[in-house]
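Open the model in your viewer and keep the selection panel handy. We will go from one stop to the next, picking out a few residues each time.

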Amino acid sequence: MTAEQVDQPYTLACLELHGGNEAGAYAADLPGLAAWISCRPLGASGALGTSGGGDLYYLSACSQGVIARVALADVAGHGEIVSSAAVRLRDALREHVDHWDQSMLIRRLNESILKGAPDSRYATAFLASFYRESGELLFTNAGHPPPLWYRAAAREWSLLVDSTPYSKEIMDLPLGMIAGTAYTQTAVQLEMGDLLLLYTDGLNESCDDSGEQLGLDGLLSIARGLPVESSKAAGQALLAAVEAFRGSAPATDDETVVALACDVGGRGCRATNELDTGAVA
């Protein structure tokens with residue numbers, strides 16, 4: 001399903017899981033979030049846009065349409081290894097689809113996603129849960145590149161990391177170290193007009209004609225010039241800017257972007273008096 005094939009955003013049913021690793025670009029509606037997804041696997045010929053890469057993403061809506069969850073993973077390898085990891089990721093997300101706390105989910109993924117794969121295989125993952133009624137976002141980063149976060153009130157971009165000064169406590173939730181891993185759960189408050197751009201390292205590890213890597217600093221610099229009126233506009237512009245940076249240098253990895261806009265119409269984001277009303281989702 002591509003953006004050109006559908007006129008309206010895909011709307012997830014309650015408890016539905018949607019995603020995978022196939023090539024495509026489209027919009028989707030989640031509880032309180034307007035999403036735009038682009039998955040561009042790298043084929044054997046080195047061309048982007050073929051099917052079946054190592055980037056995996058899944059979206060879900062649960063708890064009577066109150067909680068949205070987004071998972072983005074990058075599995076080293078292709079073929080059967082990725083297919084097996086995709087099944088395990090999907091099964092774990094389905095089992096925990098209605099749970100706000102992510103600790104059991106990330107523990108299961110850590111133990112099972114690459115079960116049976118060669119010892120040299122690994123995967124990174126970013127997992128986020130959004131509570132529509134309060135605008136709170138709970139996230140766990142397992143070695144994945146940090147998302148780009150546009151804060152509409154401040155009109156600024158930053159990297160979303162677990163040490164963010166904007167982190168907050170959530171009552172009755174076991175935040176902190178997750179047994180057996182070094183992963184943490186961190187909560188931040190999203191406001192109307194905020195954007196999150198999740199991506200895989202095919203973007204930040206892109207190189208230009210001279211072999212210079214874009215890096216996180218370069219990606220953040222690009223973000224500061226992105227349009228912020230919608231998740232689709234920001235996501236498309238990010239991919240175009242990375243392509244422009246590469247110039248004639250070819251892509252060397254899969255590229256996936258999951259862009260999320262705090263959706264005013266979805267009543268999932270808290271209002272703020274400092275909101276720039278020209279930057280709405």
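Start by selecting helix 1 (residues 80–95) and helix 2 (residues 103–112): helix 1 passes helix 2 in a right-handed crossing, meaning that the near helix is turned clockwise from the far one by less than a right angle. Their axes come within 10 Å and cross at roughly 160 degrees, which makes helix 1 roughly antiparallel to helix 2 (angles over 145 degrees count as such). The axes are lines fitted to C-alpha atoms over the stretch in contact, with angles running from 0 to 180 degrees between N-to-C directions. Helices (H or I, at least four residues) and strands (E, at least two) are DSSP runs, numbered from the N terminus.

Now show the side chains at this crossing. Helix 1 contributes Arg88, Leu89, Asp91, Ala92, Leu93 and Glu95, while helix 2 brings Leu105, Arg108, Leu109 and Ser112; contact here means heavy atoms within 4.5 Å. By type, these residues divide into five nonpolar, one polar and four charged (Ala, Val, Leu, Ile, Met, Phe, Trp, Tyr, Cys and Pro are nonpolar, Asp, Glu, Lys and Arg charged, and the others, Gly among them, polar).

A quick note before moving on: this is a predicted model, where local features need pLDDT of at least 70 and side-chain atom pairs pLDDT 80 or more, while totals for chains, interfaces and linings use all residues. Residues are numbered from 1 along each chain as its sequence is written, and side-chain values use heavy atoms, leaving out hydrogens and water.

Next, select Asn21, in the loop between strand 2 (17–20) and strand 3 (24–30). Is Asn21 buried or exposed? With a relative accessible area of 16%, Asn21 is buried (under 20%; exposed is over 50%, partly exposed in between, with a 1.4 Å probe and protein chains only). Its side chain reaches the backbone oxygen of Gly53 at 2.7 Å. Beyond four places in sequence, Asn21 touches residues including Cys39, Pro41, Leu56 and Val82.

Jump to Ser167 in strand 11 (residues 167–168). Ser167 is partly exposed at 38% relative accessible area. Across from Ser167, look for Thr186: their C-alpha atoms are separated by 6.4 Å, though the two are 19 residues apart along the chain.

Finish at helix 4 (residues 215–223), where Gly215, Gly218, Leu219, Leu220, Ile222 and Ala223 are buried. Display their partners too: these residues pack against strand 9 (148–151), strand 10 (156–159), strand 13 (195–199), helix 3 (201–204) and helix 5 (231–246).

Methods
Parallel < 35°, antiparallel > 145°, perpendicular 65-115°, else oblique. Polar contact = N/O pair within 3.5 Å; in protein donor to acceptor, adjacent residues only side chain to side chain.
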